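Reader: I'm new to looking at protein models with several chains. Could you walk me through this one, question by question?

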Amino acid sequence: MDVSFQVMTGITILFGQSGSVETLPLKMVAGIDIRDRGLISVNGECLFDSKQPICAPIRMRNVGYVFQNLALFPHFTVLQNVTYGLHRLSKANGLKRAGKALEDFQIEGLADRMPESLSGGEQQRVALARALVTEPRVLLLDEPLSALDMRTKRSIIADLNRINQKRQIPILYVTHDRAEALALGEHLLLLEAGKVVAEGQPI
Amino acid sequence: MSSVDWFPIQLSFQVAFIASGIALLMGIFLAWVLARLKFLGKEWIDAAITLPLVLPPTVLGYYLLVVLGQRSPLGKLFERLFGFQLTFTPLAAIIAATIHALPLTVKSVRAAFEEVDPILENVARTLGATELRLFLTITLPLSRRAILAATVLAFARALGDFGVTIMIAGNIPGKTQTASVAIYDAVQAGRDNEALWLVVIISILSVIILYTTNKLGKPRGI
Amino acid sequence: MLAGCFKYWGLVLILSCSPKPSSSLTIAAASDLTDVFTDISKKFEETYKARVTFSFGSSGLLARQIEEGAPFDVFVAANQGFIQRLEKKNLVLPGSATIYAQGRLALWQRKDTLLPVKGLNDLANPSLKRIAIANPEHAPYGMAAKQALQQAGLWESVKDKIVFGENVVQTLQFAQTGNVDVAFVALSISYRPGGRYVTVDAKWHQPINQALCVLHRSKNKVLASQFVAFLNGPSGRTVMKQYGFIVPGEP
């Protein structure tokens with residue numbers, strides 16, 4: 001893997017043909033995958049520097065991550081899932097913030113439901129709400145829409161665009177789907193064989 | 001029924017509760033260490049913990065008798081610290097029971113921890129959870145079923161211990177004579193009726209406890 | 001749910017070691033003495049207003065436990081060897097080791113046996129398939145049984161029929177459950193129901209000297225010595241004789 005790029009606020013698509021190679025940058029930013037050489041810096045704050053060495057543990061990096069397999073906590077309700085990252089706030093504040101996040105994604109009604117009773121689209125919205133409620137400095141999305149039908153995809157893409165306007169944070173979005181890339185991307189990074197081969201705006 | 005001495009039954013259940021409780025707590029801790037930490041010699045530790053299951057009880061009992069007895073450094077230290085001798089007391093019976101229950105809890109719980117999806121754990125970390133919070137809120141609750149099963153196994157094993165118990169706790173009626181030892185004693189003495197009563201009572205109480213514990217573990221709605 | 005479990009177990013008492021009241025004795029005794037000593041101790045308890053608790057087991061295990069600090073007052077072994085072992089380790093109250101009786105050997109069978117045995121020679125009967133004796137390596141009654149068979153010239157012909165029990169009680173159980181045709185057991189336990197027995201003449205084997213001692217570590221030496229005296233006195237001897245033991249000084 002040999003990537004070097006700057007990410008600005010807005011949605012940056014990591015687009016590639018192959019399998020999981022594109023996910024690596026996400027994992028490295030989050031701190032899930034740690035390599036020997038590299039430098040990761042967000043908003044001027046260094047999260048990883050192999051030369052110093054600096055390596056912030058995952059929990060200190062304040063990144064929002066939506067995994068490909070959603071990974072909602074199966075033993076918690078939707079509300080409990082969304083408030084999980086807010087344990088440092090008071091209960092009242094936590095509930096308020098979570099309530100707003102649920103509203104943002106139009107899922108207030110699902111607060112007391114268990115993940116297994118939700119549809120794919122609903123689960124995805126919960127995952128997004130959960131990742132964003134902690135006000136992360138960067139949002140990482142790993143093929144979040146791959147298992148959904150066209151209509152749900154469009155609906156969530158609309159939500160994402162809305163969120164993007166509201167919050168000014170970098171969003172890294174991995175996908176193999178051209179349509180998604182075009183619908184969302186403000187910047188595009190084309191990956192091939194572990195290298196960035198092209199950069200720019202999608203046309 | 002008046003001829004039944006309730007002491008061995010009482011003692012056995014108390015020993016089994018305490019021993020399985022200790023085995024559960026230690027088992028959860030050791031299972032976490034073995035499942036989550038990386039270090040050399042891990043599998044040796046696992047083997048050492050499992051050893052009591054494999055050693056014949058008389059062998060294990062012999063080692064413990066020598067290592068914990070009055071003549072040993074450990075035994076002497078214990079006596080100096082606590083004022084009484086460790087062997088031939090109910091505490092020794094608890095140790096005997098725990099040492100057999102522990103491998104059962106460690107193995108079951110370790111397997112359960114290793115089954116918890118690492119993705120879920122990473123999610124928790126990205127949401128700011130420390131390893132402890134992750135353990136208490138994610139790993140442990142998701143391993144609930146296995147932990148319950150492990151507890152039941154541990155309790156059953158603790159209740160039934162004989163060989164090691166009789167070696168290091170001795171067969172002292174009214175003090176350290178657990179139910180399994182009492183049954184053996186009654187059979188040896190030709191008191192078959194007493195033996196039969198003890199067997200029946202222990203069986204009924206055990207079935208009730210196991211049934212209740214299993215019920216507690218059933219998911220809602222079943 | 002976990003909280004529920006812990007509460008559920010919260011009703012547990014932790015046992016502690018309570019000091020023994022001084023008018024009680026703990027006696028370690030060989031398993032085959034269960035019947036006779038239970039009787040004797042009842043009489044002792046009445047006379048001396050004391051409580052006697054027995055820990056019956058195999059002499060070997062009991063001796064080992066005593067070496068490792070088991071809190072007994074008196075040790076009643078099946079033979080002298082164990083007492084001597086403890087004496088060497090200074091665990092015995094000097095002067096307290098005595099032979100209190102000599103054991104007798106008996107041949108025990110189930111009442112409904114089809115091959116009743118009247119004496120040692122009947123053991124050579126080819127229809128008799130299995131004979132149980134206690135392990136001669138460490139059980140004195142087993143040693144005596146082997147001696148008797150050897151003296152009677154039967155050892156070679158019956159040794160393939162022999163099954164070892166760990167102690168005389170287990171040997172008896174082999175016969176009680178019908179797994180062997182006849183068992184060599186201590187006369188003192190032959191009185192158990194369901195069987196018939198034939199005493200083996202003492203001339204066929206070395207005397208089975210049953211010894212006991214008061215332990216050095218005992219906290220009730222006075223009461224222990226009283227028990228030993230009681231055992232050797234008229235009341236004790238009467239019971240011993242009832243169970244077929246030969247008491248010192250009487251043939």
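Reader: Which side chain of chain B meets Glu68(C) in a salt bridge?

Author: Keep in mind that this is a predicted model. A salt bridge here needs a side-chain nitrogen of Lys or Arg within 4 Å of a carboxyl oxygen of Asp or Glu. The N to O distance for this pair is 3.1 Å, so it passes that cut-off. The partner of Glu68(C) is Arg71(B).

Reader: And how many salt bridges does the rule find across the interface of chain C and chain B?

Author: The pair Glu68(C) and Arg71(B) is a salt bridge. For salt bridges, the count is 1.

Reader: What about chain A and chain B: how much do they bury between them?

Author: Their contact takes 19 residues from chain A and 17 residues from chain B. On the chain A side, these divide into 11 nonpolar, 5 polar and 3 charged. There are 4 residue pairs in polar contact, both at pLDDT 80 or more, and 0 salt bridges. Carbon and sulfur atoms carry 72% of the buried area, which comes to about 1700 Å².

Reader: Which chains share the most contacts?

Author: Start by ruling one pair out: no contact joins chain A and chain C, and their closest C-alpha atoms lie 13 Å apart. That distance is between C-alpha atoms, while contact is judged on heavy atoms within 4.5 Å. There are 2 pairs of chains in contact, and the most contacts are shared by chains B and C.

Reader: How many helices does chain B have?

Author: Read along its sequence, chain B goes α-α-α-α-α-α-α-α-α-α-α. Its C-alpha atoms fill a box of roughly 65 × 50 × 30 Å along the principal axes. Chain B has 0 strands, and its helices number 11.

Reader: What share of the residues in chain B is buried?

Author: Chain B still exposes about 10300 Å², with carbon and sulfur atoms supplying 70% of that. Among its contacts with a separation of 6 or more, 71% are between residues 24 or more positions apart. Out of 222 residues in chain B, the buried share is 53%.

Reader: Let's zoom in on Ser72(B): is this residue buried or exposed?

Author: Ser72(B) sits in the loop between helix H3 (57-68) and helix H4 (73-82) of chain B. Its side chain reaches the backbone oxygen of Val67(B) at 2.7 Å and that of Gly69(B) at 2.9 Å. Beyond its neighbours within four places in sequence, Ser72(B) is in contact with Val66(B) and Val67(B). Its relative accessible area is 7%, and the cut-off is under 20%, so Ser72(B) counts as buried.

Definitions and conventions. Residues are numbered from 1 along each chain as its sequence is written. Chains are lettered from A and ligands numbered from 1 in the order in which they are written. Side-chain values use heavy atoms; hydrogens and water are left out. Helices (H or I, at least four residues) and strands (E, at least two) are DSSP runs, numbered from the N terminus. Buried means under 20% relative accessible area, exposed over 50%, partly exposed in between (1.4 Å probe, protein chains only). Accessible areas come from the Shrake-Rupley method with a 1.4 Å probe; for residues, only the protein chains shown count as cover. Buried area is the accessible area (1.4 Å probe) that two parts lose on being put together, summed over both. A polar contact is a pair of N or O atoms within 3.5 Å; within protein, one must be able to donate a hydrogen and the other to accept it, and residues adjacent in sequence count only if both atoms are side-chain atoms. Ala, Val, Leu, Ile, Met, Phe, Trp, Tyr, Cys and Pro count as nonpolar, Asp, Glu, Lys and Arg as charged, and the others, Gly among them, as polar.
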